[in-house]
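Dear colleague,

Please find below the sequence and structure that I am handing over to you. A description of the findings follows directly after them.

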Amino acid sequence: MTKTKLPERHRQRSLLPEFSELFTGFPGWADLRPTLEHRVMRLEDEMEDGHYVVRAEIPGIDPAKDVDITVRDGRLTIKAERSEKKETKGRSEFSYGSFVRSVSLPASADEDDIKATYDKGILTVSVALSKEAVPAEKHIPVQTTS
């Protein structure tokens, strides 16, 4: 009786690639990849003691060099870039990604009175709200030509 040697088992690969791998072949879509993975910047916003407060969960960054906060035309934009390097027994692993989120500020926001703090992975941006009355909504009549 002859014994037939069975082929070695190879790690089976799925017929479908990981969702984020679908974008590696499209250079124009490369910027979408960090957004589609687990590293999305979560934002929460609320009104608190006369301030509009935005909190962003972005652990593992150096806020002094990895975060850029801008305000322009009633929009607050938070940009962050994270890079991380892990080394173990001759192996190194890099993880990086950039994130951008924008929010519209309330009409009464004072763009000259904005403060940002970072504590335990949470970025908090506080925008003072002016005490002046916000102009009421204005309706514009539509005219017809006949």
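**Salt bridges**

The count of salt bridges in this structure comes to six. Please bear in mind throughout that the model is a predicted one. As a general point, side chains of opposite charge can pair when their charged atoms come close.

One of these pairs is formed by glutamate 57 and arginine 42, whose closest N and O atoms are 3.1 Å apart.

Aspartate 113 and lysine 115 form another salt bridge, and here the closest N and O atoms are 3.1 Å apart.

**Overall arrangement**

The protein chain contains two helices and seven strands. Read from the N terminus, its elements follow the order α-β-β-α-β-β-β-β-β. Of the 146 residues in the chain, 22% count as buried. Among contacts in the chain with a separation of 6 or more, 46% are between residues 24 or more positions apart.

**The four-stranded sheet**

Four strands make up an open sheet in the order S1-S2-S7-S6, and their pairing is antiparallel. Which strands stand at the edges of this sheet? They are S1, residues 42-48, and S6, residues 109-119; each has a single partner strand, so one side of each is left without a neighbour in the sheet. On average, neighbouring strands of the sheet are turned by 20° against each other, with direction ignored.

Strand S2 (residues 51-57) and strand S7 (residues 122-129) run antiparallel and are joined by seven bridges. Within this pairing, tyrosine 52 has valine 127 in S7 as its bridge partner.

S7 also pairs with S6, again in the antiparallel sense and over seven bridges. Here isoleucine 114 stands opposite valine 127 in S7. Valine 127 is therefore a residue to look at from two sides, as the bridge partner of tyrosine 52 and as the residue opposite isoleucine 114. S6 and S7 form a hairpin with two residues between them, and lysine 120 in the turn has a positive phi of about 50°.

**The nonpolar core**

The largest nonpolar core has 19 residues. Which of its residues touch the most other members? They are Met41, Leu43, Tyr52, Val54, Ile58, Ile78 and Leu123. At least two residues of the core are supplied by each of S2, strand S4 (75-88), strand S5 (91-104) and S7. The largest share comes from S7, which provides four residues.

Apart from its neighbours within four places in sequence, methionine 41 is in contact with Ala56, Glu57, Ile58, Ile78, Ala80, Phe99, Val100 and Arg101. Glu57 in this list is the residue that forms the salt bridge with arginine 42.

**Threonine 77**

Is threonine 77 buried or exposed? Threonine 77 has a relative accessible area of 14% and is buried, since buried means under 20%. Threonine 77 is placed in strand S4. The side chain of threonine 77 makes a polar contact of 2.8 Å with the side chain of serine 102. Leaving aside neighbours within four places in sequence, threonine 77 is in contact with Asp68, Ile69, Thr70, Val100, Arg101 and Ser102.

With kind regards

Definitions and conventions. Residues numbered from 1 in each chain as written. Predicted model: local features only at pLDDT ≥ 70, side-chain atom pairs only at ≥ 80, totals over all residues. Heavy atoms only, no water. Axes fitted to C-alpha atoms, helices over the stretch in contact; angles between N-to-C directions. Core = buried A, V, L, I, M, F, W, Y, C linked by side-chain atoms within 4.5 Å. Buried < 20%, exposed > 50% of the residue type's maximum accessible area, 1.4 Å probe, protein only. Contact = heavy atoms within 4.5 Å. Salt bridge = Lys/Arg side-chain N within 4 Å of Asp/Glu carboxyl O. Polar contact = N/O pair within 3.5 Å; in protein donor to acceptor, adjacent residues only side chain to side chain.
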